[in-house]
Amino acid sequence: MLVLGIETSCDETAAALVADGTTVRSAVIGSQVEHHRPYGGVVPEIAARAHAELMLPVIDRTLVEGGATYDDLDGIAVTSGPGLVGALLVGVAAAKSLALATGAPLVGVNHLEGHVYATQLEFGPLEPPILALVVSGGHTSIALMAADGTFATVGQTIDDAAGEAFDKVARFLGLDYPGGPEIDRLAVDGDPRAMAFPRALSGGGYDFSLSGLKTAVIRELRRREAAGEAVDVADVAASFQEAIVDVAVAKTVAAAREHAVEQVAIVGGVAANSRLRQAMADVCDAEGLRLLAPTPALCTDNGAMIAAAGSNRLVRGERSPDDLGADPNLTLEDATGWAVR
C-alpha cells in the first residue's frame with residue numbers, strides 16, 4: 001500500500017510517500033521558518049498563504065523523489081486537526097482535490113496521532129498499549145494508546161505548551177527563532193542546578209503547567225539585572241530546560257506505571273531535545289521500560305507520520321467523507337472526520 005501523507009497544521013508544508021505504513025519512499029518539507037523569524041513566532045495568516053504557495057510544488061517533488069505518479073497512490077492521508085485553521089484548510093483542500101481527481105481513498109488524521117505513528121517508521125508496526133508523551137510547539141500531553149489503537153488523554157497542559165515556553169524564554173533571552181534548538185544548544189554548556197526554577201504541578205496528577213515557569217525565568221533575570229549580578233545565559237537555558245524535563249519525565253513514567261504499560265514514546269518537535277531524550281532513556285532503562293524515541297527528523301512535523309497513521313486507518317477500512325473539514329480543536333478521543341464504509 002502506497003499512501004501520500006499531507007501535513008499543514010502549523011508552519012511546515014510537508015508531504016511524503018510511505019509504503020505499507022512503515023517505509024518512507026520520499027519526504028519533502030517546505031520550511032516557512034524565514035517567513036516567521038522576524039516575528040519570533042508563527043503568524044497564522046502568513047502560514048496559510050505560504051502553504052497555498054508551497055503545497056503543489058511540495059507534492060510534485062514528493063512524487064518525483066518517490067518514483068511514483070498519482071496513479072500509484074492507494075490512499076491519501078491528511079492532517080484534519082488540531083492546528084491553525086487556515087493552515088489546515090489548505091492541506092485538507094489539496095487532499096480532497098487529489099482524492100477526487102485520482103479516485104484514491106481519503107482519510108483524515110489527527111496531528112497528534114500522526115506524531116505517535118512516527119515511531120512506526122523507525123521501530124516497525126506498533127504493538128500497543130503505548131504511553132506517549134506528546135511535546136511540541138502547540139501541544140504538551142500524555143496519551144495512552146490502547147490495544148485496539150484508540151487513544152485516551154491521560155494528562156495535558158493547562159496553559160502553555162512546552163515548545164511555546166521554549167520559544168518565549170528564548171525570545172526574552174534574545175535568541176534566534178525557533179527557540180527550542182537554541183536553548184538545547186546553549187544548555188550543553190550550562191549548569192542545570194544554577195537556578196532553582198519551579199516544577200509546577202509536580203505533586204501529583206498528569207497535567208502540566210508551564211506558564212509560571214516562563215514567568216519565573218523572566219522575573220529572576222530582571223531581579224539579577226536590577227541587582228547588577230552577572231547572568232550566564234547558558235546556565236539560564238540549562239536550568240529552565242531541566243525544569244521542563246524533570247516534570248515531563250516524572251509524569252510520563254508515573255503514568256506508565258499506573259496504567260501498567262511497558263512501552264513509552266516521546267514524540268513531537270520538543271522530543272528532539274537532547275536532554276529530554278537522554279533523561280527519558282535513563283529513567284526508562286532503570287524502570288525496565290522500552291523507549292520509542294524517533295530520530296529528531298521524525299519528531300518535527302512531517303508528512304511521513306501522517307501517511308503512516310493514515311495507512312493504519314485505511315487498512316482497517318476507514319475512509320473520510322468527501323466533505324471532510326478542518327477542526328483546529330480536534331482531540332485524540334474525537335473521531336470527527338473519520339467514517340467507516
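User: Let's start with charges. What's the general idea behind a salt bridge, and how many salt bridges are there here?

Analyst: Side chains of opposite charge can pair when their charged atoms come close. In this predicted model, the count comes to 18 salt bridges.

User: Take E220 and R224. How far apart are their closest N and O atoms, and how are the two placed along the helix?

Analyst: The closest N and O atoms of E220 and R224 are 2.7 Å apart. Both residues sit in helix α8 (residues 211-226), and because they are 4 residues apart there, about one helical turn separates them.

User: Is that pair buried or exposed?

Analyst: Buried on both sides: E220 has 18% relative accessibility, and R224 has a relative accessible area of 18%. The cut-off for buried is under 20%.

User: Which parts of the chain does the E242 salt bridge link?

Analyst: E242 bridges to R275, with 2.9 Å between the closest N and O atoms. That ties together distant parts of the chain, since E242 belongs to helix α9 (residues 233-258) and R275 to helix α10 (residues 274-287), 33 residues apart. E242 is buried at 12% relative accessible area, while R275 is partly exposed at 29%.

User: And what about K168 and D160, how far apart are their closest N and O atoms?

Analyst: For K168 and D160 the figure is 3.7 Å. K168 is partly exposed, with a relative accessible area of 25%, whereas D160 counts as buried at 8%.

User: Which residues are linked in a network of salt bridges?

Analyst: E113, R313, R316 and E318 form such a network.

User: Which residues lie nearest the centre of the largest pocket, and which element gives the most to its lining?

Analyst: Nearest the centre are C10, S136, G137, G138 and H139, out of 46 lining residues. Elements giving two or more residues to this lining are α4 (111-117), β7 (140-145), β8 (151-156), α6 (162-172) and α7 (179-187). α6 gives the most, with 6 residues. By class, the lining has 16 nonpolar, 21 polar and 9 charged residues.

User: What lines the second largest pocket?

Analyst: That pocket has a volume of about 170 Å³ and 11 lining residues, with A99, L100, A104, L106 and D322 nearest its centre. Helix α3 (residues 85-102) supplies the largest share, 3 residues. The lining splits into 5 nonpolar, 2 polar and 4 charged residues.

User: How many cavities of 30 Å³ or more are there, and what lines the largest cavity?

Analyst: There are 2 cavities of that size. The largest cavity has about 100 Å³ of space, and its 14 lining residues include V135, A162, I244, V245 and A248, which lie nearest its centre. β6 (130-135), α6 and α9 each give two or more residues to that lining, and α9 has the largest share with 4 residues. The classes are 12 nonpolar, 2 polar and no charged residues.

User: Where does the largest share of the second largest cavity's lining come from?

Analyst: From α9, with 3 residues. The second largest cavity is about 50 Å³ in volume, and its lining includes P198, R199, F208 and I244. By class, that lining has 8 nonpolar, 1 polar and 1 charged residues.

Note on methods
Residues numbered from 1 in each chain as written. Predicted model: local features only at pLDDT ≥ 70, side-chain atom pairs only at ≥ 80, totals over all residues. Heavy atoms only, no water. Salt bridge = Lys/Arg side-chain N within 4 Å of Asp/Glu carboxyl O. Buried < 20%, exposed > 50% of the residue type's maximum accessible area, 1.4 Å probe, protein only. 1 Å grid on protein atoms, 1.4 Å probe; cavity = no way out; pocket = protein on both sides within 12 Å on 5 of 7 lines; lining within 4 Å. Nonpolar A, V, L, I, M, F, W, Y, C, P; charged D, E, K, R; others polar. Points joined across faces, edges and corners; volume = space filled by probe spheres on them.
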